[in-house]
Amino acid sequence: MAPTTVAQPYRFAKGGRIDRTRPVHFLFNGRTIAGFAGDSVASALLANGVHLVGRSFKYHRPRGILSHGVDEPNALLDVSRGPGRRDPNNRATMVEATDGLVTRSQNHWPSLKRDIWAVNDLLAPIIVAGFYYKTFKWPRTFWHRLYEPAIRAAAGLGLAPTEDDPDRYVHRHAHCDVLVIGSGPAGLAAALAASGSGKRVIVADEQAELGGTLLHDASSTIDGESAEAWLAGALAMLRAQRNVTLLPRTTAFGYYNHNHIAMVERLVDHPAPGSTALPRERLWQVRAKQVVLATGAHERPLAFADNDRPGIMMAESIRVFLNRYAVAPGRRIVFATSGASAYQAAADAKAAGLDVTMVDTRPEAGCGVQSARLRALGIEVLTGHTVLGSVGRMKVRGLIVAPRDATDRIGSRRTIACDAVGLSGGWTPAVHLFSQSRGKPVYRDDIDAFVPGTSVQAERSAGAAKGTYDLAAALAEGWRAGAEAAGLDGTRSFAVSPPTRTGFTPARKLPTDVDASRVRAFIDFQNDVAAKDVELAVREGFESVEHVKRYTTTGMATDQGKTSNMAALGLVSDALGRPVPQVGTTTFRPPYTPVSFGAIVGQARDALFDPIRTTPLHDWAVAQGAVFEPVGLWRRARFFPKRGEDMHAAVARECRAVRSAVGIFDASTLGKIEVVGPDAAEFMNRIYTNAWAKLEPGRCRYGLMLKEDGFIFDDGVVARLARDRFHVTTTTGGAARVLAHMEDYLQTEWSNLQVYLTSVTEQWSVIAVQGPRARAVIAPLVSGMDLSQEAFPHMAVRIGKICGVPTRLFRVAFTGELGYEVNVSADHARAVWEAVYESGRTFGITPYGTEAMHVLRAERGFIVVGQDTDGTVTPEDAGLAAMIAKTKPDFVGKRSLMRPDMVAADRKQLVGLATQVPQLVLDEGAQIVADPRAPIPMKMLGHVTSSYWSTACGHSIALALVSGGCARLGQTLYATTPTGFAAVRVVEPVFFDRHGERVNGDFAHA
Amino acid sequence: MRETLGVAWRDLVLPAKVPDLEVPTSIAAMGACARFSLRLPSAQARAVDQAGGFALSGGVNSAITSGGSISARLGPDEWLLIGPEEQGDALSQAIEVDLDGRFFSLVDVSHRNAAIAVAGREARAVLNAGIALDLDDAAFPPGSATRTLLGKAEIVLIRPGAECVYWVECWRSFAAYVHGFLMEAAREFGPHR
């Protein structure tokens, strides 16, 4: 069978798993590439004779397609699927060929074929491992300004996209009894065995098609059927079972505690257009009772000079391109191997009609049976040979080989002309997920690789992932693993013919006849790390494999050393003269392969990034043109500017309205907790600093709450509705943590108290009506309540109706004015608000926002927890010593208040500041010092916590925490300003209505 | 301006209307309900069995439906009771009568929560976009209820009956997020656009 089609010169006329009825076309560097559905971008490129697909990271050497799977280090393409759908560093081997893709090679300028940075290759003797660390040390400031930008321009992979990603991504949680990762022979056998139990089985595989190595096995028969037929039968059986979920195109990339596995499923990159509503990717989080890891193994290249030319690839990958994609990677192929698996690839290539030569580094005695079989097919087999190098530039043209004897004496060179080379330096089981599960891999000398050791979680490995390369053994091992995972007894054997070829002798770095220290035999293709770099690192004293990794960068970047780690370990082991197990292995961290940010973000973008909490009155405020501010997840109206007003003017107007007439404010975000039970008062006594037993039902009290450390935690007005029922309010931001704090004490310390707590934050909306005319505004709306001063004094609560619906009406005044807080059930808030607003029109009722609220409370010296306190402020510091009920036997934080440090005279205490220049509004956070001429660093006495312009006072006002502040009343101190210092006088922290007489409002005038 | 001096109208955070999405998955805001958070020591619950017609006999994480009411037990001593809106006062009085003399806490949370019904073949797939729990029949059978997270919002999930119908209850200020999250997750199952 010879390649025939003109459009795809290297495509066989028949065979493979591609769909020849569905041609696809895409662009590579502007050239149209023809392929078929079922192709990867890599197989389509090879079908068109394209090997050169990129430039290497450091030396800008021409590079081709090395592998056929996720381990691909070279063929990293920038892929665009349309506007906004471009991303870099896609492995050409994993991108499915689809119509309209635009792919480009990376890391070169001006073009892939003529790249000026290839000069780095000539400088290679200078830019060895650790070059940057040794060279770019001085002058120090040059690193950020010159060296790093220059290095990044010269080396580095693709360009990050800049447009918004228009695709959708979603998350999905799933649970199953058995999760099988990998659907090669072992994984399928495991799934078949487990599915028989009727338990829930999920099978995930990173490939577009399930089947793993069976997809390109053209020679084996399983139980008398061809591998292809057996695979089709197995998949049909699994599909027919309702308890089995098959997930192709799904990469399990992270194995976390409690068998929590993260996987990413690719949904619309592949060629089935379907619905545009389909997300691009789905991040699965699977909680599995048992896991079977059938993740296979990665082939390793051989290390010799110039082993990185385009056209040099993995032996098994050649087999995959031949059998699965019906593509000839070349017409004259040389295989170089240190193991038996490449012999099957060579036999398949010969069967496809290609010219094949086999070079084996093992002596004839080590591979006699296999070599004899190949020779019988008419293939030249050179055993006991080494590879000295390759020739060609943009593509390999020949392989230089020579015989070697037992003492590594090299015979005469011979160059074998070729257009493709298949390397096989053994196999590395993919133990990544096992390692992430906290299992410790153990070294197996015979296969020169780490395999899974003792399981830490409920998982087991099977097949090549466990170092079992024989097909019959892998199938049986998979079956047993699946059966055990599903809690079934039973083993099964599989009749496989012909037996798998599995002989192998490790060859770390092929012997050469030139100065080995000058040879660049690459082990890590992606990071341009050669064997001599690793040896140099060891010579320079880096003995830990982790240090060698970081010094040489071997095993880093997008492929995370899938093809190179074992080679590096072997070299370190040889250089140190220590066995591999003592050298150890680097840690495998998630993700196994790169995961898009979109998949991780999932739905959490735009409006769904975070829940934005709004009150029932939000839309009204929006309609009034309010400017909002975030307070935690809440959005609160900050001020209501009228046409042409800035914030300063709007806030001044809002404050004036409250002081002179009446304002209306949405306080619905206040936290609210209903405390119910016969021990409610006792509970309140313990959780707050002040006393509650004597508070009569129908009355309110300001409550102060400390943490165990004695510092202020939260505050708020509390109403006693009945002997056994309190309506507690908390700060907006503190609502959740106060409830948690209360529950914590109730459940762990005082479980004998008969009290229950219920959050009613969102049950009750709060309409604050504040100002001298507040009573007149609400009077026409309420029923069942006497609003007179005698019947309903300041700090009282009444239950009645407003606008015909139930209300808990509080008479409280955070503004210092006569005021009410109308609590109504949330769905009624909008109607009641509009009624109050309408009723207030005759008095000039003015909606005000949080900014005016802050000014009004600061004028009266009321603190805001979290603004005027910072978790290190005691009640005494805040001027709230009177809030501490000294006679109470205990309350949370009481003991801490007795510590000597908590009563020290120089503690920072809350004071007011009056600026010498009345118009100057200090910056919140400004530092306060005694003498601005003191040498720097000068002692800071404290800082400004609240600072506003006060229209009522006609000057600025500020609250501050100042060391020994109470003793400094009248002193002049200095606050920092953007340009220097401003003189301030320490005053009492009350600026307006010093005796609090205004809470009587129109009663006072009545 | 609607009634200002008459009785205040009710303004639901998620107005009930035709389902926002239909086959094979429907997502629909539920109308107003009467809701109570009942706290009662489990020993007391065993003694009374029911209160105001709400069964208290179910185990933790059960939901018992009778008539138009649901009794969802969210913890050893916590129930979310849901009934017809117009019966709210009558229900609370009946509960108080039945529990008279015992230690309990009954708090009206009718307006605190909003509810969304997610129904249909793909209901579980939609919910599992944001809920980490196993919603399989074996793990979350008909008559189950639990407090959990949907994405970044706390919810109560109730499966009242045998069909694939789930109630998602959340605090009202999270309703827009929860509804939007469910709609987004359901897009791939909705009528293809």
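Two strands pair if DSSP finds at least two bridges between them. Helices (H or I, at least four residues) and strands (E, at least two) are DSSP runs, numbered from the N terminus. The views below show a predicted model, in which local features need pLDDT of at least 70 and side-chain atom pairs count only at pLDDT 80 or more, while totals for chains, interfaces and linings use all residues. Residues are numbered from 1 along each chain as its sequence is written, and chains are lettered from A and ligands numbered from 1 in the order in which they are written.

**View 1. An open sheet of three strands in chain A.** The strands follow the order β21-β22-β23, and their pairing is antiparallel. β21 (385-392) and β23 (414-417) of chain A are the edge strands, each pairing on one side only. From one strand to the next, the twist averages 30° (axes are lines fitted to C-alpha atoms, and angles run from 0 to 180 degrees between N-to-C directions). β22 (residues 396-403) and β23 of chain A are joined in the antiparallel sense over four bridges. I400(A) stands opposite T415(A) of β23(A).

**View 2. An open sheet of five strands in chain A.** Here the order is β2-β1-β7-β5-β6, with mixed pairing. Strands of a sheet pair through backbone hydrogen bonds, either parallel or antiparallel. The edges are β2 (31-37) and β6 (86-91) of chain A, each pairing on one side only. Neighbouring strands are turned by 35° against each other on average, direction ignored. Four bridges link β5 (residues 76-80) and β6 of chain A in the antiparallel sense. S80(A) has R86(A) in β6(A) as its bridge partner.

**View 3. Domain 1 and domain 3 of chain A.** Domain 1 covers 1-124 + 135-159 and domain 3 covers 301-425; such bounds come from an automatic or database domain assignment. The centres of the two domains, taken over C-alpha atoms, are separated by 25 Å. In domain 1, 25 residues are in contact with 20 residues of domain 3 (two residues are in contact if their C-beta atoms, placed from the backbone, lie within 7 Å). On the domain 1 side, α1 (41-47) and β4 (62-63) of chain A give two or more residues. α1(A) gives the most, with three residues. By class, this side has 12 nonpolar, seven polar and six charged residues. Ala, Val, Leu, Ile, Met, Phe, Trp, Tyr, Cys and Pro count as nonpolar, Asp, Glu, Lys and Arg as charged, and the others, Gly among them, as polar.
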